[in-house]
Amino acid sequence: MSTLAPTLTVSEPFISRFEPIGAPAATTEPAWVRALLIAVALAFALLFLCVPLAVVFTEALRKGWQAYLSAIVDDDAMAAIRLTLLTAAIAVPANLVFGVAASWAITKFEFRGKQLLLTLIDLPFSVSPVISGLIYVLLFGAHGWFGAWLAENDIQILFAVPGIVLATVFVTFPFVARELIPLMQSQGTEEEEAALVLGASGWRTFWHVTLPNIKWALLYGVILCNARAMGEFGAVSVVSGHIRGETNTMPLQVEILYNEYNFAAAFAVASLLALLALATLALKTFVEWRARAEHAAPVLERPHEH
């Protein structure tokens, strides 16, 4: 005896109600509205981004190329450039190591205090840079908690390179971790677990599985971290002491020159920071493009087995 399976008959009007009939009305604005919104966005970007940038280079070159180069190769300016590069060369690798380690721990393991660690990583985003610099003054100053011990052992942290590096590390260390954590959480742990099951060691799993998956986000975080390290003003201003030729970074050098009404030299040094910003923007765009291209690359499908 055969059994007929029940069939469901759906009327045509019912189907037509669920057929796509074009874009929703909320996203189909008239042409003049779209043009107005685009014009407002472009005008805002031109007024608040492009015009100030053009003013910096115009003022820097107002007295000609010779005055511009003289301001750049000045002894104090060169000392500020060297100190800025040294600070970034120490702070960025330190934050790179910390960011990768923190991201690995948070996304690959379960442990008590994970939420506290995430909160601590976000702490520099919620604390004013000036306050973070003041913290180091309270710790390492002459009347601070460790001031007497540092003086007895002839160790100089404030108004010296170590204090500038510590302040810079504090304000920049969330950047790498915060770029990696969301990505690594979305990727999960399946690939690492598979590698370990196949006999790979922890280091081999990291270098051949985890690192290739996070390389573009890691580079993106490093770029942002480096830009913030070179352009930091508030925290460094508190701990540097503003000693010309010794503890002035490029932003502090710009402030001193501007306060002395040496506008051409101030804008000349500022133009270097502007060039750094443009280079950072170019690298950021390139990294985003490469990441999208790699993510959108077609994956070869395995042939179906019959």
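Guide: A helix here is a DSSP run of H or I with at least four residues, and helices are numbered from the N terminus. The model is predicted.

Visitor: How many helices does the secondary structure of the protein chain come to?

Guide: Read along the sequence, the pattern is α-α-α-α-α-α-α-α-α-α-α-α-α-α. Strands number 0. The helix count is 14.

Visitor: What percentage of the residues of the protein chain count as buried?

Guide: Buried means under 20% relative accessible area. The chain has 306 residues. The buried share of residues is 34%.

Visitor: Among contacts between residues at least 6 apart in sequence, what share join residues at least 24 apart?

Guide: A contact means heavy atoms within 4.5 Å. Take the contacts in the protein chain that span at least 6 places in sequence. The share joining residues at least 24 apart is 71%.

Visitor: Which helices each supply at least two residues of the lining of the largest pocket?

Guide: The largest pocket holds about 460 Å³ of space. Its lining counts 17 residues, and nearest its centre lie Leu183, Gln187, Asn213, Ala291 and His295. The helices with at least two lining residues each are H9 (174-187), H10 (190-197), H11 and H14.

Visitor: And the largest cavity: which helices each supply at least two residues of its lining?

Guide: The count comes to 1 cavity of 30 Å³ or more. The largest cavity has about 40 Å³ of space. Its lining includes Thr84, Ile164, Met230 and Glu232. The helices that each supply at least two lining residues are H4, H8 and H11.

Visitor: Thr168 also lines that cavity. Is Thr168 buried or exposed?

Guide: Thr168 lies in helix H8 (residues 161-172). Beyond neighbours within four places in sequence, Thr168 contacts Thr87, Ala91, Ala229 and Val236. Its relative accessibility is 0%, so Thr168 counts as buried.

Visitor: Which helices do the buried residues of H13 pack against?

Guide: Helix H13 (residues 250-259) is mostly covered, with 7 of its 10 residues buried. Those are Met250, Pro251, Leu252, Gln253, Val254, Ile256 and Leu257. Their packing partners are helix H4 (75-108), helix H11 (202-231), helix H12 (234-240) and helix H14 (263-296).

Visitor: Which residue with a positive phi follows H13?

Guide: H13 covers residues 250-259. The phi in question is near 65°. The residue is Tyr261.

Visitor: Asp154 has a positive phi too. Is Asp154 buried or exposed?

Guide: Asp154 sits in the loop between helix H7 (147-152) and H8. Its phi is near 55°, and it is not a glycine. The cut-off for exposed is over 50% relative accessible area. Asp154 has 73%, so it is exposed.

Visitor: What is the relative accessible area of Phe159?

Guide: Phe159 is also placed in the loop between H7 and H8. Its phi is positive, about 60°, although it is not a glycine. Phe159 counts as partly exposed because its relative accessible area is 43%.

Visitor: Which residues make the nonpolar surface patch?

Guide: The patch covers about 460 Å². One of its members, Leu47, is found in helix H2 (residues 31-60). The patch is made by Phe44, Leu47, Phe48 and Leu49.

Terms used:
Residues numbered from 1 in each chain as written. Predicted model: local features only at pLDDT ≥ 70, side-chain atom pairs only at ≥ 80, totals over all residues. Heavy atoms only, no water. Patch = residues over 30% accessible without salt bridge, like charges linked within 9 Å, V, L, I, M, F, W, Y side chains within 5 Å. Areas by Shrake-Rupley, 256 points an atom, 1.4 Å probe, with all protein chains shown as cover. Salt bridge = Lys/Arg side-chain N within 4 Å of Asp/Glu carboxyl O. Buried < 20%, exposed > 50% of the residue type's maximum accessible area, 1.4 Å probe, protein only. 1 Å grid on protein atoms, 1.4 Å probe; cavity = no way out; pocket = protein on both sides within 12 Å on 5 of 7 lines; lining within 4 Å. Points joined across faces, edges and corners; volume = space filled by probe spheres on them.
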